[in-house]
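Thanks for making the time this morning.

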Amino acid sequence: MTIPAPETLSPADKQQLLLKTFPVRARKVNHSGVRGKYFWKAVSSLFGVALAAFFIWFWLPDIVRDARLAWFDSVVVESEADLTGSCKISKMVFISCDAKISYRPDPAREAVLTVEQHTSFFGFSHGTKVDVLRSTTHPERITTSIATEHLGNRIISFLLLAGLLVLFEYAVCSEAWKEFRHSRLQGREVVLRPVLARVYECDEDRNVKFSADIDGVERHGVNVLRYGDAPLFLPWSQNVAIALLASGTRYMILLDEEMTVADFTDSEKALLKTLLS
C-alpha cells in the first residue's frame with residue numbers, strides 16, 4: 001500500500017488515513033484498561049440489598065398494619081389507653097414519630113400490653129393532637145391517629161425511597177457487570193478497530209475519561225493506565241488520542257504510546273508511527 005507523505009495532508013485527511021490504514025485484525029489484549037473495581041461495586045450492591053431488606057422490615061409492616069385498620073376495620077378512639085411519645089422534623093421535610101401505647105388487648109381482661117410504634121414520612125407538618133385508635137372488630141389492633149391521617153403520605157414516602165434504592169442497585173450492578181465483561185477482554189484475542197477518543201479528564205490515580213463517536217453515537221469510557229503508560233495522542237490534534245474498540249462490544253481501550261496494550265508487530269508499530277508523524 002502506498003501511503004501519502006503525512007506532511008502533505010491536512011489534519012482531517014491524516015485522521016481519515018489513519019483510520020483507513022490501521023491494521024484491523026484479531027490480536028491479544030494485554031491490558032483491558034479496567035482495574036478490577038467491579039468487585040467492590042458488587043460488594044456495594046450487597047450492602048444495598050441489606051439496606052433495602054432492613055428498610056422493608058422496619059417500615060412496611062407498620063404501613064400494612066395501619067392500612068388494614070384504616071381501610072378494612074371500623075375504629076374508635078380508645079380513651080382508656082395510655083399514650084406517650086414525640087415527633088420530630090428533620091431537614092424540615094422528614095417527620096419521624098415514636099409512640100408507646102399501653103392498653104388492654106382484650107377489654108374483658110385486666111391484662112395490659114405495651115407496644116411501641118414508629119411512624120415516618122415526608123411532610124412539612126403534623127397534627128398536635130394524637131388519639132389512640134382501636135379496631136372494633138379486632139380489639140387487639142391498635143394505632144395512633146397520626147399514623148392513619150398520614151397513611152397516604154407514608155405509602156408515597158415508602159415507594160419513593162424504595163424506588164431510589166432500586167435505582168441505586170440497578171446502577172451499581174449494571175456498572176459492575178459492564179466492568180467485569182470489559183475486564184474479560186484481557187488475555188483474549190479480539191478484533192480491534194481504531195476510534196478517535198477525546199480525552200477530557202485524567203487524575204492522579206491514572207484514571208482517564210474520554211469520549212468517542214461510534215457509529216454516530218457518542219460513547220464515554222474510563223480506562224486505568226498502567227504505571228508509566230500515557231495515551232497515544234495525535235500530534236496534530238489537541239487532547240485526541242487513539243482508542244481500540246473491541247468488535248461486537250462498546251468497550252474501548254486507550255492505545256498507549258508504546259503500543260503494548262495489545263499485540264502489535266514491529267511492522268505495524270512502524271506503520272502507525274509513520275502515520276502519526
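In which loop does aspartate 215 lie? Before I answer, please bear in mind that this is a predicted model. Aspartate 215 sits in the loop between β9 and β10, the latter being residues 217-224, and although it is not a glycine, its phi is positive, at about 55°. Most residues other than glycine have a negative phi. With a relative accessible area of 68%, aspartate 215 counts as exposed.

There is a second case of this kind, asparagine 239, which is not a glycine either and has a positive phi of about 65°. Asparagine 239 belongs to the loop between β10 and β11, and with a relative accessible area of 40% it is partly exposed.

Let me go back to strand β9, residues 207-214, where we find serine 211. Is serine 211 buried or exposed? Its relative accessible area is 4%, and because the cut-off for buried is under 20%, serine 211 is classed as buried. Leaving aside residues up to four places away in sequence, serine 211 touches Leu196, Ala197, Arg198 and Tyr200, and also Glu218, Arg219 and His220.

Helix α5, which spans residues 266-275, has Glu268, Leu272 and Leu275 buried. These three cover an arc of only 60° around the axis, so they fall on the same side of α5. On the other side of α5, Asp266, Ser267 and Lys273 are exposed.

Finally, the surface. Phe47, Leu51, Phe54, Trp57 and Phe58 make a nonpolar patch of about 580 Å². Tryptophan 57, one of these residues, is placed in helix α2, residues 38-72, and it is exposed, with a relative accessible area of 60%.

Note on methods. Residues numbered from 1 in each chain as written. Predicted model: local features only at pLDDT ≥ 70, side-chain atom pairs only at ≥ 80, totals over all residues. Heavy atoms only, no water. Patch = residues over 30% accessible without salt bridge, like charges linked within 9 Å, V, L, I, M, F, W, Y side chains within 5 Å. Areas by Shrake-Rupley, 256 points an atom, 1.4 Å probe, with all protein chains shown as cover. Salt bridge = Lys/Arg side-chain N within 4 Å of Asp/Glu carboxyl O. Helix = DSSP H or I, 4+ residues; strand = E, 2+ residues; numbered from the N terminus. Buried < 20%, exposed > 50% of the residue type's maximum accessible area, 1.4 Å probe, protein only. Arc of directions from axis to C-beta. Contact = heavy atoms within 4.5 Å.
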